[in-house]
Amino acid sequence: MNAKVLVTGGLGYIGAHACVALAEAGRSVVVVDNLANSSSAVLDRIAELAGGPPAFVHGDIRDIGLLARTMRDHAVDSVIHFAGSKAVGESVGLPLSYYDNNVGGSMALLAAMAATGVRRLIFSSSATVYAQSGRMPLAETATLGASSPYGRSKLFVEHMLADLCASDPAWSVACLRYFNPVGAHPSARIGESPRGVPNNLMPYIAQVAVGQRERLSVFGDDYETVDGTGVRDYVHVLDVAEGHVKALDYLQRVNGCATINLGTGHGVSVLQMLREYERASGRLIPFQVVARRPGDIDRCWAEVSLAHGLLGWQARRSLAQMCEDSWRWQRDNPLGYR
Ligand SMILES: NC(=O)c1ccc[n+]([C@@H]2O[C@H](COP(=O)([O-])OP(=O)(O)OC[C@H]3O[C@@H](n4cnc5c(N)ncnc54)[C@H](O)[C@@H]3O)[C@@H](O)[C@H]2O)c1
């Protein structure tokens, strides 16, 4: 049997795009997902784009026995670990649930990998692990200091992985710190399908554009930025997905623990994003400026030379493509996968 890549959380937003990118690169995949934040309908959509459905196990990553069995049954030789809970605001009210799923889930996964001799892992980390600082761009060596239970759960796992690699040189691990993944597959068959009120800017704008929400609230227009609104590094989800394929190739050559930013290296303000989305959708997007949100920072973008140097990866898709692909997905699937 050909070795497979185990993709935890492979039916989620980034995971689904990664499954398609892996199939395009000729890699076979087995997905483990508990459907906590996704739908089994995603399997059919991935199948349309990848020429067949990935192997799928409906289950929880905290079940070590299930993971170990899956790894043996599918001759898994590497793991991409997307599964987890991801809402920063929710994590403040539910810290134990976040530590359980994100830290406990990662520990269970590592135990199953250790038990089955699988030593190659890509971990979904986040720009939220960086301490708030005025200096941009953020290099991987910048001061760490997450400000929410979600961010700390990512940081704990990063530390755990570094300790593991230091204890045993057989491991090869990449912690990929995503900045702000947005957009969708250009086919409009897979994309982001948030439950309830979207936590992030682009899905919110998309719902306003399609008429599901009245207007966008812009949290503050008095930051020291180009137009006073917050600036972030938005990166196309397909670029992020392709970064995982490159990182897998890298881990086949190099052992140890690497920590790498995935972003474009450029900041885009809320109003710049809104105007670009209006152009892409041909719709007017009403907005109102409201008070700053506590804890928000003014500007944040990535230093991206390490990804280029180590992985040969660079974000290729423009802000216009991010907005056009997001809009096509939202227009054709106004209720997401529901
Ligand atoms: N989307 C972003 O903006 C962003 C930014 C930085 C980092 N990340 C990280 O990237 C990863 C993927 O993000 P996403 O946007 O695709 O999230 P998502 O919620 O769309 O996908 C996560 C998937 O994991 C599954 N899952 C959750 N807990 C599980 C468990 N215990 N067992 C099995 N499956 C489980 C969910 O059902 C879902 O399909 C997450 O770890 C997230 O923290 C995301």
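Biologist: How do helix 9 and helix 11 pack, and at what angle?
Modeller: Helix 9 and helix 11 (residues 319-332) pack at an angle of about 55°, and their axes are 9 Å apart. Helices here are DSSP runs (H or I, at least four residues; strands are E, at least two), numbered from the N terminus. Axes are fitted to C-alpha atoms, for helices over the stretch in contact, with angles from 0 to 180 degrees between N-to-C directions. This is a predicted model, with pLDDT of at least 70 needed for local features and 80 or more for side-chain atom pairs, while totals for chains, interfaces and linings use all residues. Residues count from 1 along each chain as its sequence is written, and side-chain values use heavy atoms, without hydrogens and water.

Biologist: What about helix 3 and helix 5?
Modeller: Helix 3 (residues 64-73) packs on helix 5 (residues 95-116) at about 45°, with the axes 9 Å apart. That makes helix 3 oblique to helix 5, and the crossing of the two is right-handed.

Biologist: Changing topic. Which peptide bond is cis?
Modeller: The one from Met-136 to Pro-137, with omega near 0°. Pro-137 sits in the loop between strand 5 and helix 6.

Biologist: And what is the phi of Leu-35?
Modeller: Positive, about 65°, although Leu-35 is not a glycine. Leu-35 is in the loop between strand 2 (28-33) and helix 2 (41-50). Most residues other than glycine have a negative phi, and most peptide bonds are trans.

Biologist: Now the ligand. What does the side chain of Asn-101 do there?
Modeller: A polar side-chain atom of Asn-101 lies 2.7 Å from a nitrogen atom of the ligand. Another side-chain N or O atom, from Asp-60, is 3.1 Å from a ligand nitrogen.

Biologist: Where does the backbone of Tyr-13 come in?
Modeller: A polar backbone atom of Tyr-13 is 2.9 Å from an oxygen atom of the ligand.

Biologist: Which elements give two or more residues to the shell around the ligand?
Modeller: Helix 1 (13-24), strand 5 (120-126) and helix 6 (149-167). Strand 5 gives the most, with three residues.

Methods: A polar contact is a pair of N or O atoms within 3.5 Å; within protein, one must be able to donate a hydrogen and the other to accept it, and residues adjacent in sequence count only if both atoms are side-chain atoms. Angles under 35 degrees count as roughly parallel, over 145 as roughly antiparallel, 65 to 115 as roughly perpendicular and the rest as oblique. A crossing is left-handed if the near helix is turned anticlockwise from the far one by less than a right angle, and right-handed if clockwise.
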